[in-house]
Structures are given as C-alpha cells and as structure tokens.
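Please read them alongside the coordinates.

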Amino acid sequence: MIKVHLPELGEGITKATVSYWYFQPGEKVNEKDDLVELATDKATFNLPSPSGGILSEVLVNEGDTVNVGEVLGIIEEG
C-alpha cells in the first residue's frame with residue numbers, strides 16, 4: 001500500500017486545492033502517470049503517481065484543500 005502525500009511545495013506554500021483526479025478508485029495507474037491536478041495561489045500542477053498499481057482510495061475530493069504532508073489517496077501495488 002502506497003500513500004500519496006501532498007509534497008513540500010516551497011516558497012512558504014502550505015496548502016493546495018485538488019482540482020481534478022485523472023483516475024477513479026479501482027482504476028490501474030502506472031508509475032509517473034499524472035494522478036491528480038492541484039492548485040495553489042501561485043500555480044497549478046500535476047502530481048505524478050509514486051508507484052504503479054490500483055488506485056484503491058481517494059481521500060480528498062475535488063475542490064477540497066489539503067495541507068502539505070496530508071494523504072490524498074492510496075495505491076495498492078500490483
């Protein structure tokens with residue numbers, strides 16, 4: 001089980017808003033696939049999947065704001 005965390009964003013940015021999930025729970029993802037789009041006050045960026053497997057759970061919905069270090073979703077390695 002791989003937990004997908006919101007990474008350090010630098011420049012004093014401590015949170016981001018989930019704009020869009022590219023995959024839904026139950027779908028297969030490959031390592032480095034764009035997994036989720038995030039937006040901060042300064043930029044919009046895609047977070048790549050840290051591992052291949054099945055996206056088993058999305059813990060943060062589109063439109064929700066998360067802090068650095070929080071878990072966005074869970075990938076079951078396969």
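1. β4 and β5 pair in the antiparallel sense over five bridges, where two strands pair if DSSP finds at least two bridges between them. Strands here are DSSP runs (E, at least two residues), numbered from the N terminus. The two are joined as a hairpin through four residues, and A39 stands opposite T44 in β5.

2. This is a predicted model, in which local features need pLDDT of at least 70 and side-chain atom pairs count only at pLDDT 80 or more, while totals for chains, interfaces and linings use all residues. Residues are numbered from 1 along each chain as its sequence is written, and side-chain values use heavy atoms, with hydrogens and water left out.

3. T40 lies in the loop between β4 and β5. At 18% relative accessibility T40 counts as buried; buried means under 20% relative accessible area, exposed over 50%, and partly exposed in between (1.4 Å probe, protein chains only). The side chain of T40 reaches the backbone nitrogen of K42 at 3.1 Å. That is a polar contact, meaning a pair of N or O atoms within 3.5 Å; within protein, one must be able to donate a hydrogen and the other to accept it, and residues adjacent in sequence count only if both atoms are side-chain atoms.

4. Which residues touch T40, leaving aside its neighbours within four places in sequence? They are L9, I13, K15, A16 and F45, with contact taken as heavy atoms within 4.5 Å. For I13, which is 27 residues away along the chain, the C-alpha separation from T40 is 7.7 Å.

5. The structure holds one salt bridge, defined as a side-chain nitrogen of Lys or Arg within 4 Å of a carboxyl oxygen of Asp or Glu. The partners are E11 and K42, with the closest N and O atoms 3.4 Å apart. E11 sits in the loop between β1 and β2, and K42 in the loop between β4 and β5 (44–48), so the pair ties together parts 31 residues apart in sequence. E11 is exposed at 66% relative accessibility, and K42 is exposed too, at 56%.

6. An open sheet is formed by four strands in the order β1-β8-β6-β3, with antiparallel pairing. β1 (2–5) and β3 (28–29) are at the edges, each with a single partner strand, so one side of each has no neighbour in the sheet. β1 and β8 pair over four bridges in the antiparallel sense; H5 stands opposite V71 in β8.

7. The largest nonpolar core has 16 residues, and V18, W21, L35, V36, L38 and L72 are those with the most contacts inside it. Such a core is a set of buried Ala, Val, Leu, Ile, Met, Phe, Trp, Tyr and Cys residues joined through side-chain atoms within 4.5 Å. At least two of its residues come from each of β2 (15–21), β4 (34–39) and β8 (71–77). In soluble globular proteins, nonpolar side chains tend to be buried together.

8. Neighbours within four places in sequence excluded, L35 is in contact with V4, Y20, W21, Y22, F23, V29, L47, P48, S49 and I75. S49, in the loop between β5 and β6 (53–58), is buried at 2% relative accessibility. With the same exclusion, S49 is in contact with V29, N30, E31, K32, D33, L35 and I75. A polar atom of the S49 side chain lies 2.5 Å from the backbone oxygen of S51.

9. N67 is in strand β7 (residues 65–67) and is partly exposed, with a relative accessible area of 39%. Beyond four places in sequence, N67 is in contact with L6, T14 and K15. N67 and P48 are 19 residues apart in sequence, and their C-alpha atoms are 17 Å apart in space.
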